[in-house]
Amino acid sequence: MGVIVEAKGLTKQFYCGEVTVNALNGVDFTIDEGELIVILGPSGSGKSTMVNIIGGIDMLTQGELYYNGMPLHGLNRNKLTEYRRDHIGFIFQFYNLMPNLTALENVDLAGQLSANPLNSMELISKVGLKGKEDNYPSQMSGGQQQRVAIARAICKNPDLLLCDEPTGALDIRTGVEILDLLMEFNREYRKTVVIITHNADIAQIADRTFYFRDGKIEKIVKNSHPLKTSEVNW
Ligand code: ADP
Ligand code: MG
């Protein structure tokens, strides 16, 4: 399995008027194709910034970043958008569904932007929403909306799925069901998945865990025996 993402000296500063915020202070790592990575760390330690830069939502200030050997650090906004559309799926804490579209329409919309989409109705079934495909987001629970968001992200058939606190708004049991779906995408489709979380227990399902602190990776821990969610004592 090859390296899908490589970062060298990744640095990000935000300029807010007179103030400069050092969000990332020289971060180095590689992520292998097919890995499940969990990112832990206190609030404000740079986790979202890092994932947004990997996903082409945000631009880095300094350093090098490669996707399958292709440099992302030189790309302009348009090229980054193209890169994101072709390769990246995003899942956020708050599902960001289109309120005036049904579950199925939300998933289809994402599929239409992809060259190689998966079947949207099959995905709706896979995430356990068969029969709910014509519901609008307001007619679904938080867990159900997050399932739609997952189906939407996966429908594009992305090579890299980036999840920023995907279970943060859900109760433990619903959160575990969401993690199962993410793990299934990782294992069955052999896709790379990155999950940011506040819940240290989730590290037990990861291949590796990156611990962030003060805009740096404090340590990377490899897990030789990742657990299934059913084996974790939540
Ligand atoms: P985390 O996801 O670990 O909570 P973030 O990556 O969101 O951390 O934030 C890292 C630092 O960068 C924080 O100090 C945060 O306030 C700052 N930051 C994040 N996004 C912006 C932005 N758009 N403008 C200014 N500062 C930002
Ligand atoms: Mg964050």
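**Exercise 1. Find which side-chain atom of T49 sits by ligand 1, and how far away, then work out the rest of the ligand's surroundings.**

Start with T49: an N or O atom in its side chain is 2.5 Å from an oxygen atom of ligand 1. That's a polar contact (a pair of N or O atoms within 3.5 Å). Bear in mind that this is a predicted model, where local features need pLDDT of at least 70, side-chain atom pairs count only at pLDDT 80 or more, and totals for chains, interfaces and linings use all residues. Side-chain values use heavy atoms, with hydrogens and water left out, residues are numbered from 1 along each chain as its sequence is written, and chains are lettered from A and ligands numbered from 1 in the order written.

Next, the backbone: an N or O atom of G44 lies 2.7 Å from an oxygen atom of ligand 1, and one of S45 lies 3.1 Å from a ligand oxygen atom.

Finally, widen the view to residues with a heavy atom within 4 Å. Those around ligand 1 include F14, C16, V21, P42, K47 and S48.

**Exercise 2. Work out how α5 packs with α6.**

First, take the geometry: α5 and α6 (residues 172-188) pack at about 10°, with axes 10 Å apart. The two are therefore roughly parallel (angles under 35 degrees).

Then list the contact (heavy atoms within 4.5 Å). G143, Q146, R147, I150 and I154 of α5 meet T174, E177, I178, L181, L182 and F185 of α6. By class, that's six nonpolar, three polar and two charged residues.

**Exercise 3. Describe how α3 packs with α5.**

Begin with the angle: α3 (residues 103-112) and α5 (residues 142-155) pack at about 25°, their axes 7 Å apart. So α3 is roughly parallel to α5.

Last, pick out the contact residues, among them A103, V107 and A110 of α3 and V148 and A151 of α5.

Definitions and conventions. Axes fitted to C-alpha atoms, helices over the stretch in contact; angles between N-to-C directions. Helix = DSSP H or I, 4+ residues; strand = E, 2+ residues; numbered from the N terminus. Parallel < 35°, antiparallel > 145°, perpendicular 65-115°, else oblique. Polar contact = N/O pair within 3.5 Å; in protein donor to acceptor, adjacent residues only side chain to side chain. Nonpolar A, V, L, I, M, F, W, Y, C, P; charged D, E, K, R; others polar.
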